[in-house]
Amino acid sequence: MFYKVAILCVLLAVATGYQIKSQHKKHDACLVTCAGWTEPGKGFLKYSDGKNSYIDVSMAHCGFIDTPVIVSSLHGGSHWTTSGGSAIYTPKRDSFRIYLYYSSGSYALAISKAWSIQYIAVGYVC
């Protein structure tokens, strides 16, 4: 399913003429797409309210030299009323953060339902 979403995003970008604009003039050969995910049910930390959660997602394996364009989604069970899975916070060249909110708390669900964050990032590596 994840790869179907990735392909759909790329096709949509191509169809609409979407381009990444950078402050630097870089060669197109340096522009790459990188995808990844977090280990299901792992890495989630309790937010300060004690019941919701956040997760820092590493993209170090992508090798970006600048902050890429990132699209993310939340995967796992029982997350249909959870918010935040696609909201990127503190994006950097090698990581970003996601805050998750669920009315009765997301921390326990993130672990018990094996939630994970899946992402696609497009950026420069040279």
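Let me start with a question: is S78 buried, partly exposed or exposed? S78 is partly exposed, its relative accessible area being 41%. The terms here are as follows: buried stands for under 20% relative accessible area, exposed for over 50%, and partly exposed for what lies in between, with a 1.4 Å probe and protein chains only.

Before going further, some words on the source. This is a predicted model, in which local features need pLDDT of at least 70 and side-chain atom pairs count only at pLDDT 80 or more, while totals for chains, interfaces and linings use all residues. Residues are numbered from 1 along each chain as its sequence is written, and side-chain values use heavy atoms, with hydrogens and water left out.

Now to the overall architecture. The protein contains two helices and six strands; both are DSSP runs numbered from the N terminus, helices being H or I with at least four residues and strands E with at least two. Read from the N terminus, the order of elements is α-β-β-β-β-β-α-β. Of the 126 residues, 33% count as buried. The exposed surface comes to about 7800 Å², and carbon and sulfur atoms supply 58% of that area; accessible areas come from the Shrake-Rupley method with a 1.4 Å probe, and for residues only the protein chains shown count as cover.

Contacts, meaning heavy atoms within 4.5 Å, deserve a remark. Among contacts in the protein with a separation of 6 or more, 75% come from residues 24 or more positions apart.

I turn to the sheet. Three strands form an open sheet in the order β2-β3-β5, with antiparallel pairing; two strands pair if DSSP finds at least two bridges between them. β2 and β5 are the edge strands, each pairing on one side only. Between β2 and β3, which run antiparallel, there are two bridges. K46 has S53 in β3 as its bridge partner.

Since R97 lies in strand β5 (residues 95–100) and D56 in strand β3 (residues 53–58), the pair ties together parts that are 41 residues apart in sequence. D56 is partly exposed, with a relative accessible area of 43%.

Next, the disulfides. A disulfide is a covalent bond between the sulfur atoms of two cysteines. The criterion used here is a pair of cysteine sulfur atoms within 2.5 Å, and the structure holds two of them.

One joins C30 to C126, with an S to S distance of 1.8 Å. This pair links distant parts of the chain, 96 residues apart: C30 in the loop between α1 (2–15) and β1, and C126 in the segment after β6 (116–124). The torsion about its S-S bond is about -100 degrees, so the disulfide is left-handed. C30 is buried at 9% relative accessible area, whereas C126 is partly exposed at 46%.

The sulfur atoms of C34 and C62 are 2.0 Å apart in another disulfide. C34 is in strand β1 and C62 in the loop between β3 and β4, 28 residues apart. Here the torsion is about -70 degrees, so this disulfide is left-handed. C34 is buried, with a relative accessible area of 10%, and C62 counts as buried at 10%. With the bonded cysteines numbered in sequence order, the pairing is 1-4, 2-3.

What of the interior? A nonpolar core is a set of buried Ala, Val, Leu, Ile, Met, Phe, Trp, Tyr and Cys residues joined through side-chain atoms within 4.5 Å. The largest such core has 19 residues, and M59, F96, W115, I117 and Y119 have the most contacts inside it. At least two residues of this core come from each of β3, β4, β5, α2 (107–112) and β6.

I close with the loops. T38, in the loop between β1 (31–37) and β2 (45–46), is buried at 10% relative accessibility. Leaving out residues up to four places away in sequence, T38 touches I55, V57, S116 and I117.

S78 and T90 both lie in the loop between β4 and β5. S78, a residue other than glycine, has a positive phi near 55 degrees. T90 is not a glycine, yet its phi is positive, at about 45 degrees.
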